[in-house]
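Here's a quick tour of a protein model, written for someone new to reading structures. Have a look at the picture first, then work through the points below.

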Amino acid sequence: IPPSLFAQHMEHRIVVPRLVYIVLDNLTHWNQFALMRATFVIVCVTSLGVFRLAKSTIPDGSRDTAMVIGIWFVCNLLIFSPAQHENWLWGVGVENALPMLFIVWGMIAARSSMRPWGKMAICLVLATAATFSSGNGFLAWPLIGLLWLWSPSFKALWEKKWLLVAWCAGFAINLGLYMRHYANPPGTQGPPGIVAMILYVVAFIASPFAIVPQVLQAIIIGVPLLILLAFGGAIFLWEWWIERDYDFSSRILVWLAVGAFAVGSGMMAAPHRSASGTWQALSSRYSTFALYLTVALLNLCMIVIAHQRYRKREWARHLVTAMITAILILQVMAISPNVSAIREIYRQRMQAKAALLLIRSLPDDDTNLTTLVFPHPGRLRQMAEALNQIGFIHPPLIASDHLRDILLKPDPKV
């Protein structure tokens, strides 16, 4: 196994994405459209996992499929939102789509009726895959483990003691491998303060609804989302500790864990990214992580209003109606600015491709090369020539700076 497979990428160890890149790049000769399609397929499989979780947690969900499909449809407005345009149009977006894929299906495995050690093996593999997909994949260990170890009594939990030991051992091994030769990325700044990090997390979880990159707007949206998550946590504690309804509380726990993935991702990013400014939390690529808080809240609300104890309470119905209406309005409002952003990304990619093809004729200080392709011209030229030699650049690099040599010869068949 080449050591470069485990090489550190910023704060991450992207072993699984690199395996995907190696396979697809060699099959398609570095065709980035293949990676974009792979990202879409990964998100589709994640969406199916969300459907499975919704069907198994919403009361009467196994019988009332129409209700589950309805809430799943609203969830998919977020899961496939154009707000994630950086990941949709960026081959490396595979890295950001993979962690939740493994976590969602790990949760499904943890709640399944399989034999305990069989479930443990599957969950260990999925948690390890999440860990080595992106840094926030480490959240798989507490989130999947929480569902796996959830028990109605201490006695039932004690019966899982050896499973707990195996789970902790798996986490320790992964942590050891991850931290081996780990170094802080170049240019890493210390956190600017607790207030800045809190504002960063609040803006982070609101990034799927950032119609324009305004921090104040994101905070106004993010604070109610966190309040709703805390409210869901309060209902969980009430049902578990006061009502002793372990089945209902376990259903709520699933979506609290899904929401915790979004909040936890923001908390993991804040110490490293908040020094750049709170606006950085609104980057489109983070929407892929943050959107699962709203997905979790939607399902939490459906679980609550579908339960007999809350079914006749008007406030619960009004809350779900208001949430669905707000999501639909915000998603419609976000279409136009996101489409504009997609067009701008396309223009920049075409400009960057043109600069790359003409790299043999352009000077090292050409701004198109340094800003749109790669900031280090010398290394860029070496990589471009190497990739061109093995046929990974289509069409190949242009060798002449004369226009008549550059123009493609017309195809006689056309």
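What follows covers helices, aromatic rings, salt bridges and the surface.

This is a predicted model, so local features need pLDDT of at least 70, side-chain atom pairs count only at pLDDT 80 or more, and totals for chains, interfaces and linings use all residues. Residues are numbered from 1 along each chain as its sequence is written, and side-chain values use heavy atoms, with hydrogens and water left out.

**Two helices to start with**

- Helices here are DSSP runs of H or I with at least four residues, numbered from the N terminus.
- The expected span is 1.5 Å times one less than the number of residues.
- Which residues of α6 are buried? They are K119, M120, C123, L126, A127, A129, A130 and T131. Buried means under 20% relative accessible area, exposed means over 50%, and partly exposed is in between (1.4 Å probe, protein chains only).
- The cover over those buried α6 residues includes α1 (15–28), α5 (94–110), α7 (140–149) and α9 (161–179).
- Now try helix α13, residues 287–306: its 20 residues should span 28 Å, and the ends sit 29 Å apart by their C-alpha atoms, which agrees.
- As for cover, 20 of the 20 residues in α13 are buried.

**Aromatic rings**

- The structure holds 19 aromatic pairs. Rings of Phe, Tyr and Trp (its six-membered ring) pair if their centres lie within 6.5 Å; planes under 30 degrees apart count as stacked, over 60 as edge-to-face and the rest as tilted.
- One of these pairs is W150 with F236: the ring centres are 5.6 Å apart and the planes stand at 55°, so this pair is tilted.
- That pair links distant parts of the chain, with W150 in the loop between α7 and α8 (154–158) and F236 in helix α11 (residues 215–242), 86 residues apart.
- F236 also pairs with W240: their ring centres are 5.9 Å apart and their planes are at 20°, so this pair is stacked.
- F236 and W240 are four residues apart in helix α11, so about one helical turn separates them.
- Buried or exposed? F236 counts as buried at 9% relative accessibility, while W240 is partly exposed at 27%.
- There's also an aromatic cluster made of F6, F132, F138, W141, W167, F171, Y178 and Y182.

**Salt bridges**

- Side chains of opposite charge can pair when their charged atoms come close.
- A salt bridge here is a side-chain nitrogen of Lys or Arg within 4 Å of a carboxyl oxygen of Asp or Glu, and the count by this rule is six.
- R285 and E86 meet in one of them, at 3.6 Å from N to O. R285 sits in the loop between α12 (246–273) and α13, and E86 in helix α4 (residues 85–88), so this bridge ties together parts that are 199 residues apart in sequence.
- R251 bridges to D247, with the closest N and O atoms 3.1 Å apart. These two are four residues apart in helix α12, so they are separated by about one helical turn.
- R381 and D364 make another salt bridge, their closest N and O atoms being 2.6 Å apart. R381 lies in helix α16 (residues 377–389) and D364 in the loop between α14 (314–357) and α15 (367–373), so the pair ties together parts 17 residues apart in sequence.
- R381 is partly exposed at 24% relative accessible area, and D364 is partly exposed at 42%.

**Out on the surface**

- I194, V195, I198 and L199 make a nonpolar surface patch of about 370 Å². Patch residues have over 30% relative accessible area and no salt bridge; like charges are joined within 9 Å, and nonpolar side chains (Val, Leu, Ile, Met, Phe, Trp, Tyr) within 5 Å. Areas come from the Shrake-Rupley method with a 1.4 Å probe, and for residues only the protein chains shown count as cover.
- I194 belongs to helix α10 (residues 194–205) and is exposed, with 58% relative accessible area.
- N26 is found in helix α1 and is exposed too, at 51%.
- Where does N26 make contact, leaving aside its neighbours within four places in sequence? It touches Y21 and F392, where contact means heavy atoms within 4.5 Å.
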